[in-house]
Amino acid sequence: MKTASALAAALALSAATVLTAAAPASASPASPDPLERFRHQQLAWSACQEPQLTGTECATLAVPLDYREPQGRTLSLAVSRIRAADPARRRGVLQTNPGGPGNRGLDMPAALRERLAPETAAAYDLVGMDTRGVGASGGLDCGLTRGSWLRSAGSGPAGLAEGLRLAKADADACWNKYPDLLPHLTTRNIARDVDVLRAALGEQRTSFFGQSYGALLGTVYAQLFPQRVDRLVLDSALDPARYGMRTFQDMGGANERALDGFAAWAAPRDAGYHLGATPAAVRATVEGLVRRAEAAPIAVDGFRLDGAMLPVLLAVCQNDDRDGADYADVLRQLLDAADGRPVRVSAVLHELLTVVLDSGPAGGADLAAAIGILCDDVAMPRSAQWYREAVERSRAAQPVFGPVYNGPTPCAFWRGVPLEPPVEVRNAVPALQLHATGDTHAVYQGALALHSRLSGSRLVTVPGRVHTVYLGGYSACADRAVDAYLSTGALPAADTTC
């Protein structure tokens, strides 16, 4: 179980939403380009200093804080690059985004190079970016002490009240420190930054690989700058029309179905894990453990895992259906700990507990970046009663995860409103979509809806449960589709199922 990357997807992607912005009025052909100084800036590349970026070049890109006032304040964004290994066959640049919103992207070129076929990787300069407000690009430091706003509202009013209190504290902490910056951390502005980087790299067009929220960013970029898109890969994309609270609510049902899938896997293995001999018995075991953690936190590995955070940990375990054995082992250890038995904590459980319950300053910074982008993009319900009713409605069909994904986010207490209206994605730009049918973060129905609005796209459907298909190495069939498209520019003749 790749718990660190899985949690980044679960917790940050748990921060995905609705897009914003209408582009500033374009200049007339006779007027000067207001962004000329940004588009023609010279990037000073040098070896990146971070150990994990060995073999990668880094530079800084200047962009306007507010694209409506390009002569005003600027931001300095950290960008990275791995040059094409074969200059003679160089195709151009392939920009990337790992997801989130708010995931750091400087190491994405190296991760992608490891997965691409060598001849494909050799044809591109692979380019990454810490987007505005993230990591080395002026990452927000709001002093937050948790790595995600996700938590279960539990079975009574106290859990929801605590969720509301924490959400307000997170929003207030960021607004008190960054009132001038926060309104401009939008997906629309990030897409504009992507285009400034394209121009600064001297390219007329750019290819783009985005996964999760990064695929959403790719769809927004293609909508705003269709003439600038070369090849576009959208892995596990969110549905732009549902980006926001509805995205989270979709995740509740998806995770409940994933629990059913795990229960069907675990039941025939009851002799090894003792979780239940039937799927219904396994589910009853999990639901019972959640109730026990709510009544009395589970003491394990120096942590106290309560009913608010146990479902979040379980959701991470369900990211990938190849992790059934790890998931079952984690449950067995937690059940034993709840019974007061001595537990030899596995490395997987230790990492899960550490990241879920003790994310440290880095986790708090990543949460701040995620909420900065999310809450700037789309307005969320602001009434405590709305969340109370949404949680209660979810309980019958989603007893474990409904109280997680219907609870309040810091956006409920955001002081600002989106500066620009949502982007309506509908175009004919050629694109390759990849999506797993059991994705617990970006549901497959959303992929179908997006596909219908991208008339030039082809959809590669991957049966199974995983989020981010390509970098996860989940499907050799999907891998071949990506490599073939990036190498030749030819999309599959029709939608395919691997």
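Axes here are lines fitted to C-alpha atoms, for helices over the stretch in contact, with angles between N-to-C directions running from 0 to 180 degrees. In this predicted model, the axes of helix α8 (residues 245-266) and helix α12 (residues 324-338) come within 11 Å and cross at roughly 90 degrees. Angles of 65 to 115 degrees count as roughly perpendicular, so α8 is roughly perpendicular to α12.

**The contact of α8 with α12**
- On the α8 side the contact is made by Leu 259, Phe 262 and Trp 265, while α12 contributes Gly 324, Ala 325, Tyr 327, Ala 328 and Leu 331.
- Sorted by class, the residues of this contact comprise 7 nonpolar and 1 polar, with no charged residues.

**Helix α7**
- Helix α7 (residues 213-224) consists of 12 residues and reaches 17 Å from its first C-alpha to its last, which is close to the 16 Å expected at 1.5 Å a residue.
- Because 10 of the 12 residues of α7 are buried, this helix is largely enclosed by the rest of the structure.
- The buried residues of α7 are Tyr 213, Gly 214, Ala 215, Leu 216, Leu 217, Gly 218, Thr 219, Val 220, Tyr 221 and Ala 222.
- These buried residues pack against the strands β4 (92-97), β6 (206-211) and β7 (229-235), and also against the helices α6 (187-200), α14 (360-377) and α17 (444-453).

**Confidence of the prediction**
- The pLDDT averages 93 over the protein, and 94% of the residues score at least 70.
- Over residues 12-28, however, the pLDDT is below 50, although this stretch has 84 contacts in the model beyond near neighbours in sequence.

Conventions. Residues numbered from 1 in each chain as written. Predicted model: local features only at pLDDT ≥ 70, side-chain atom pairs only at ≥ 80, totals over all residues. Heavy atoms only, no water. Helix = DSSP H or I, 4+ residues; strand = E, 2+ residues; numbered from the N terminus. Parallel < 35°, antiparallel > 145°, perpendicular 65-115°, else oblique. Contact = heavy atoms within 4.5 Å. Nonpolar A, V, L, I, M, F, W, Y, C, P; charged D, E, K, R; others polar. pLDDT = per-residue confidence, 0-100. Expected span 1.5 Å × (residues − 1). Buried < 20%, exposed > 50% of the residue type's maximum accessible area, 1.4 Å probe, protein only.
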